[in-house]
Amino acid sequence: MTIQLTHFSAAFVFALFASIVFGITHRETSRDMIRYGLYCFVMFLGGILVAGWVMWLVRR
Amino acid sequence: MANSTTAKTKAVEPAQPASMMSIIAPAVGWLIPGAGHLIQRRWIRGLLLLVSIGTLFVLGLLMQGHIYKANGGDILDILGFIGDLGAGGMYIATLALNGGQGAIAFAIADYGTKFMIVAGLLNFIAVADAYHIAIGKKQ
């Protein structure tokens, strides 16, 4: 069995699970864990989108 | 002279008594992601770690990612092996079942390879976290 994720969905899944682990392991309280996890997720996805647009601009 | 030398040496902090949990939790956490938290009754954290790391690793396999074996060759292969090794029991099971033989010939398979390496590296962080909980450094 194999699966074919698109580039974006692969990046989304990666960002989601990495952010969960970062949130749990890098903060003390539950509230801080959620906040930091969300922050990491936004940074991951934001970085991906920015990098994507930069590459698009460089290519043109 | 002896006094000045002594004064320069750092005061040694009293060592934490090594509890059994501080050894068992990281070991179990390495074998099964999140188990180090589960045996310390951090149920939600343990389950989230298990699902997150486990899903990343399994997705990597399903994407036909390549799993690295112990090697003494290229530095990137060695680093890949160290990353994969972090997944513990999942890595051992994959090797035993002869999985992870995908050739990195297309982008998605390369992503799969990275997914498995990152799953292992995230598990190393989870193991360190379980250890910190066991020694009382973190709640």
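This is a predicted model: local features need pLDDT of at least 70, side-chain atom pairs count only at pLDDT 80 or more; totals for chains, interfaces and linings use all residues.
In chain B, take the contacts with a separation of 6 or more: 69% of them join residues 24 or more positions apart.

What does chain B contain? There are seven helices and zero strands. Written along the sequence, the pattern is α-α-α-α-α-α-α. Of the 139 residues in chain B, 42% are buried.

Let me give one example of residues that are apart in sequence. B:Ile117 sits in helix 7 of chain B. Is B:Ile117 buried or exposed? It has 26 other C-beta atoms within 10 Å, and the cut-off for buried is 20 or more, so B:Ile117 is buried. Setting aside neighbours within four places in sequence, its contacts are B:Gly80, B:Gly83 and B:Asp84. For B:Gly80, the C-alpha atom lies 6.3 Å from that of B:Ile117, although the two residues are 37 residues apart along the chain.

Next, helix 2 of chain B, which covers residues 21-31. Which of its residues are buried? They are B:Ala25, B:Pro26, B:Val28, B:Gly29 and B:Trp30. As a reminder, an α-helix has 3.6 residues a turn, so residues three or four places apart point the same way.

Now two residues in loops of chain B. B:Arg41 lies in the loop between helix 3 and helix 4, the latter being residues 43-62. Its phi is near 65°, which is a positive value in a residue other than glycine. B:Arg41 counts as exposed, because it has 9 C-beta neighbours inside 10 Å and the limit for exposed is 12 or fewer.

B:Asn98 is not a glycine either, and its phi is positive, at about 60°. Its 8 C-beta neighbours inside 10 Å mean that B:Asn98 counts as exposed.

On to chain A. I will look at one pair of helices there. Two packed helices are described by the angle between their axes and the distance between the axes. For helix 1 of chain A, residues 7-26, and helix 2 of chain A, residues 30-59, the axes come within 8 Å and cross at roughly 150°. Angles over 145 degrees count as roughly antiparallel, so that is how helix 1 and helix 2 of chain A run relative to each other. Their crossing is right-handed. On the helix 1 side, the residues making the contact include A:Phe12, A:Leu16 and A:Phe22. On the helix 2 side, they include A:Met33, A:Phe41 and A:Leu45. By class, this contact has 16 nonpolar, four polar and no charged residues.

Last, the place where the chains meet. How many residues of each chain are involved? Contacts link 21 residues of chain B with 15 residues of chain A. On the chain B side, helix 4 and helix 7 each supply at least two residues. Helix 4 of chain B gives the most, with nine residues. Sorted by class, the side of chain B that touches chain A has 14 nonpolar, four polar and three charged residues.

Conventions
Residues are numbered from 1 along each chain as its sequence is written. Chains are lettered from A and ligands numbered from 1 in the order in which they are written. Helices (H or I, at least four residues) and strands (E, at least two) are DSSP runs, numbered from the N terminus. Two residues are in contact if their C-beta atoms, placed from the backbone, lie within 7 Å. Ala, Val, Leu, Ile, Met, Phe, Trp, Tyr, Cys and Pro count as nonpolar, Asp, Glu, Lys and Arg as charged, and the others, Gly among them, as polar. Axes are lines fitted to C-alpha atoms, for helices over the stretch in contact, and angles run from 0 to 180 degrees between N-to-C directions. Angles under 35 degrees count as roughly parallel, over 145 as roughly antiparallel, 65 to 115 as roughly perpendicular and the rest as oblique. A crossing is left-handed if the near helix is turned anticlockwise from the far one by less than a right angle, and right-handed if clockwise.
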